[in-house]
Amino acid sequence: MRLGIINGEGSGMTDQTRAADRLVDSLIMAGTDTVFSLSGNQIMSIYDAAIGKPLRIVHARHEGGAVYMADGYSRASGKVGVALVTAAPGFTNALGPLYPVMQSQTPLLLLSGDSPTNRDSMGAFQEFDQSLTTRGLVKESWRCTNPERLPLDIAGGIRMAQSGRPGPVHIALPEDMLNETTAPADTNALEFNAELSPLSQADLHAILSMLDNASNPLIITGPSLSETCQPGLTRKAQDALQIPVITMQSPRGLNDPALGDLRSILKAADQIVLIDKDVDFTLGFGDEQVMPCERIAMVAAEADSIARASNLISGRLEWGCLGDPVSALNALIEANTVKGPKAWMESVTAATRKRPPHPKEGETATAPAILNAMNAVITEMETPPILIIDGGEFGQWSQSILPTEQMHINGLSGAIGGSIPQAVGAAMANPGRRVIALLGDGTAGFHFMEIEIARKYNLPITFIIGNDYRWGAEVEIQKRQFGANRMEGCMLDATTRYDRMASAVGAKGVMAEDTASFVKALTASFNGRKPVVINTIIEGLPAPTF
């Protein structure tokens, strides 16, 4: 069927048709069913080409929201998320989320309209060097200059986004290229699947030999091997190897409340294998006071990761090699020659389950109080909800208390503000399934209007805004570094009513001023498909830490 679509069978296309139609057919052939977009002059031919095709264009209210929607869709579906924006200002509006997406290792394809090639260097409307601008924000960026090759460009972008360390890829689409008529693509030349780089036998043998001689072995992975990205894979590895596998994907690093007492684990580990996990700030830059282990191996998707590790942990990096992270972990599983000590596994499991103490609740509800109440509610649900956790203090409390199996967090970038559109994308990828987004009141202001999109599509999303009338993380920095009397410029107030704002865009808004009213609102939000915003008043607290 897909081959028929791309060759024009059953679609009304002739052998000669617009490149825009070939682009849409290539996306469909890749398995793409949803594109998140904001319209504009240069990309309207793509909108036209999608009419009558099995490709849904979800129109966001901001280009950054469209990219975050594609991010949430990808994370919750396992597919490559696709965002489509127009040229220059539309393109630059889309740039903000790319750094967080890159750090979260989400496979994503950003398509952007561009000024026509036949007007290059003539001051065309919205002429702008897009690929130069995206340098450092994406895995690769290029401009389509041959409409005949556009299907190959799409296939290459999707393949590259998934290969090695996943991440965003950008393709600029000049308006004249999209409107050119082209011949049918050679479907045999279109390869959309990720390119795998399996470990060599020498590399596999070296890593297995190191682990086999360990008393307290540990495997640490990057975000691309998280439970939500590769469901069940790290659990399978732990069961097969009897070696603890820890995935690090939070900007809190060693203080990630979802990982328990990670510091004590790192100090006790005698041999560590890093699978596409950089030695960076999250690991204390490999400092011996943090990670005293003398024997470390690294499998990395990028040579730069090995070079950095060699500099930071010089003399302790026993083995470094290139390899695809999924293939590498599967190779260790399939080898089945290593079994870690049972007592060590039990010790690490106990340490990862530890959580910082919770403060007592006063007259105003606290984040831990409402989240513990929420946890009791969702653990009784027949189908667990997908949790989208934003950054900030409220997000950190959420990571500390709620189940991590279906949790998507803001990622290593530390960026805030993506959770509302990410929740929209996740809900689009999982029709009918409950999605719960947890965010702070400062964060809510970034993309609040995307709640209109959730209402428009009747998405079953509960948005929980932990409202402490402040930019919590920044207030805590001010208090800690400069004193309690220096908390200026980072305060919000009670006048802004997020529940009423939700009602204004057609969603349901509820105000919750204590734990009991919060639980009532949360439970009620699960009835029906209308998105609900719970404006939850809480006491401002610092993020949990040991």
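**Exercise 1: the largest pocket**

Task: state the volume of the largest pocket, then describe its lining by position, element and class.

Solution. 

Step 1. In this predicted model, the largest pocket holds about 850 Å³ of space.

Step 2. Its lining consists of 26 residues, and those closest to the centre of the pocket are V245, A258, L259, T404 and E405.

Step 3. Assign the lining to secondary structure. Helix 11 (233-241), strand 10 (245-247) and helix 15 (342-352) each contribute at least two residues. Helix 15 gives the largest share, with four residues.

Step 4. Sort the lining by class. Ten residues are nonpolar, ten are polar and six are charged.

**Exercise 2: the second largest pocket**

Solution. 

Step 1. The volume of the second largest pocket is about 650 Å³.

Step 2. This pocket is lined by 33 residues, of which G392, E393, Q396, G472 and A473 lie closest to its centre.

Step 3. Two or more lining residues come from each of helix 17 (392-401), helix 19 (441-444) and helix 21 (472-482).

Step 4. The class count for the lining of the second largest pocket is twelve nonpolar, twelve polar and nine charged residues.

Methods: Residues numbered from 1 in each chain as written. Predicted model: local features only at pLDDT ≥ 70, side-chain atom pairs only at ≥ 80, totals over all residues. Heavy atoms only, no water. 1 Å grid on protein atoms, 1.4 Å probe; cavity = no way out; pocket = protein on both sides within 12 Å on 5 of 7 lines; lining within 4 Å. Points joined across faces, edges and corners; volume = space filled by probe spheres on them. Nonpolar A, V, L, I, M, F, W, Y, C, P; charged D, E, K, R; others polar.
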